[in-house]
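Hi,

Here is the structure I said I would pass on. Have a look at it first, and then read on for what I found in it.

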Amino acid sequence: MGGGRLLIVGGHSGEFSLPTTVHQFAVAAGIGQATAVLPDALVKILGGAPGTTFAPSSTSGSLGREALGRILELSVDTDAVAIGASLSGNSNTAMLTEHL
């Protein structure tokens with residue numbers, strides 16, 4: 001098993017399959033640890049899914065600028081961050097990605 005740590009940032013209330021698929025492929029490939037960061041609008045659907053954590057979502061259910069602190073906190077202990085898997089095109093999400 002590898003020793004790498006990957007943080008996957010993505011998803012929104014209407015689409016979360018891509019970040020969870022990236023997570024599954026990373027684990028299957030032997031990454032040491034993979035964590036998908038999804039908007040907390042998905043907690044009721046994915047609540048205890050292994051390898052997932054949640055960050056504040058915007059009113060539209062996407063990751064917004066409110067999630068920046070949580071994502072930065074999680075990224076400190078990672079080797080790589082994959083950003084963009086099924087992110088929405090909303091302006092709040094655009095502000096978030098500009099700061100990442």
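Before the details, one cut-off to keep in mind: a residue counts as exposed when its relative accessible area is over 50%, as buried when that area is under 20%, and as partly exposed in between. Thr59 comes out at 88% relative accessibility, so Thr59 is exposed. Please also remember that this is a predicted model.

Now the overall picture. The chain has four helices and four strands, and from the N terminus on they follow the order β-α-β-α-β-α-β-α. The radius of gyration is 12 Å, close to the 13 Å that the globule rule gives for 100 residues, so the chain is as compact as a globular protein of that length. Along its principal axes, the C-alpha trace spans about 40 × 25 × 20 Å.

A few totals for the whole chain:

- Buried residues make up 37% of the 100 in the chain.
- Of the contacts with a separation of 6 or more, 64% are between residues 24 or more positions apart.

Next, the strands. Strand 1 covers residues 5–10, and five of its six residues are buried. Strand 2, residues 33–39, runs parallel to strand 1, and five bridges join the two. Strand 2 is mostly covered as well, with six of its seven residues buried. If you want to find the pairing on screen, look for Val9, whose bridge partner in strand 2 is Val37. Ile8 is another place to look, as it stands opposite Ala36 in strand 2.

So which residues does Thr35 touch, leaving out those up to four places away in sequence? Thr35 sits in strand 2, and its contacts are Leu6, Leu7, Ile8, His23, Gly51 and Thr53. Is Thr35 buried or exposed? With a relative accessible area of 16%, Thr35 falls under the 20% cut-off and so counts as buried.

His23 turns up in that contact list, and you will find His23 in helix 1. At 12% relative accessibility, His23 is buried. Beyond the residues up to four places away in sequence, His23 touches Ile8, Ala34, Thr35, Ala36, Pro50 and Gly51. Gly47 is 24 residues from His23 in sequence, and their C-alpha atoms are 16 Å apart in space.

Val22 belongs to helix 1 too, which spans residues 17–28. Val22 has a relative accessible area of 28%, which makes it partly exposed.

Ala85 is buried, at 12% relative accessibility. Setting aside neighbours within four places in sequence, Ala85 is in contact with Val9, Gly10, Gly11, Leu18 and Pro19. Val9 in that list is the residue whose bridge partner in strand 2 is Val37. Arg70 is 15 residues from Ala85 along the chain, and the C-alpha atoms of the two are separated by 17 Å.

Back to Thr59, then. Where does Thr59 lie? It is in the loop between strand 3 (52–55) and helix 3 (68–75). Its C-alpha atom is separated by 17 Å from that of Thr97, which is 38 residues away along the chain.

If you open the model, Thr59 and Thr35 make a handy pair to look at: Thr59 is exposed at 88%, whereas Thr35 is buried at 16%.

Cheers

Definitions and conventions. Residues numbered from 1 in each chain as written. Predicted model: local features only at pLDDT ≥ 70, side-chain atom pairs only at ≥ 80, totals over all residues. Heavy atoms only, no water. Rg over C-alpha atoms; globule rule 2.2 N^0.38 Å. Buried < 20%, exposed > 50% of the residue type's maximum accessible area, 1.4 Å probe, protein only. Contact = heavy atoms within 4.5 Å. Pairing = 2+ DSSP bridges.
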